[in-house]
Amino acid sequence: LEEKKIYLYSSESFSLLNLLFMLSDLQPQLSKALEHLKSEYSKLQAGRAKPELVEDILVPVYGSAMPVKNVATVSVMDQRTLTITPFDRTTGADICRGIAGANVWLNPQDRGDSILITIPMMTEENRRNLQKIARDMAEDAKVSVRSIRAEFHKNIQKAKTDKTEWEDVLKGYEEDLQKAIDATNKQIDEAAKVKEEEVMKI
C-alpha cells in the first residue's frame, strides 16, 4: 500500500510538472496573437504614407513570391508618397504588379529605377470601411485567444480527471488562465479603439 501511494504521488507530480511546463507557454501564445493584430493594423492605410503599408506584400520576383522588403527598400518621400527602390531594377515591373494586385487600394508607378506610390485621400466611406475592417481584425484576434484558452483549459480539466491530489493548485491554474485571457482581450479592445479612432481622423 505504501509503495502504491508513493507511485501515485510520483505519477501525479510528474503530470503536474508537465501541466506547469505547458502553461508556461500560455503568455507567449497570447502575446503572439496580440502582436499579429498590431502587425495587421500597421498595414491599414488611412491616408498617410508609411513603409508598413507595402513591406510585407508578396510580389512575384525571380519565380517565387517574396515580401517587398526582401527585394527593395521602402522610404517615405512625404506624408502621402512612398518611394520603393528595387535592389535589382529589372524587378520593378514585377513589384508594381504584385502591389497593384494585393487589394490594398494602391496604384504603384514604375519610374525605372524606383517606384512611386501616392496614398489616395480617404473618403468618409473608406474610413468607415477601414473602421469595420479594424473591428473584424480584433474579433479574429479574440477567436485566436478563445482557441488558446480552450486548449489550455482542456489540459487542466484532463489533469482534474486524473484524480490528482493537487486540486487547489489546478483551481489556481484555471484562475490564472482566465486572468491572462481577460487581460489579453482588454489589450485587443484597446488596440482596436486606438486604430478605429486613427482611421476616422481627417
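What follows is a short report on strand pairing and salt bridges in this predicted model.

Let's start with the strands. Strand 4 (residues 81–86) runs antiparallel to strand 6 (residues 115–118), and four bridges join the two. Within that pairing, Leu 82 sits opposite Ile 117 of strand 6. Strand 6 also pairs with strand 5 (residues 109–110), again antiparallel, through two bridges. Here Gln 109 has Leu 116 as its bridge partner. Strands 5 and 6 form a hairpin with four residues between them, and Gly 112 there takes a positive phi near 95°.

Now for the charged side chains. The model has ten salt bridges, including these:

| Salt bridge | Closest N to O distance |
|---|---|
| Lys 69 – Asp 56 | 2.8 Å |
| Asp 136 – Lys 132 | 3.0 Å |

The Lys 69 and Asp 56 pair, with its closest N and O atoms 2.8 Å apart, links distant parts of the chain: Lys 69 is in helix 3 (residues 68–71), while Asp 56 is in the loop between helix 2 (26–42) and strand 1 (58–61), 13 residues away. Lys 69 is partly exposed at 42% relative accessibility, and Asp 56 is partly exposed at 32%.

Asp 136 and Lys 132 both belong to helix 5 (residues 124–161), four residues apart, or about one turn of the helix. Asp 136 is partly exposed, at 36%.

In helix 6 (residues 167–200), Glu 198 and Lys 195 are three residues apart, about one turn. Is Lys 195 buried or exposed? Its relative accessibility is 5%, so Lys 195 counts as buried, whereas Glu 198 is partly exposed at 22%. Both also join Lys 50 in a network of salt bridges.

Definitions and conventions
Residues numbered from 1 in each chain as written. Predicted model: local features only at pLDDT ≥ 70, side-chain atom pairs only at ≥ 80, totals over all residues. Heavy atoms only, no water. Pairing = 2+ DSSP bridges. Salt bridge = Lys/Arg side-chain N within 4 Å of Asp/Glu carboxyl O. Buried < 20%, exposed > 50% of the residue type's maximum accessible area, 1.4 Å probe, protein only.
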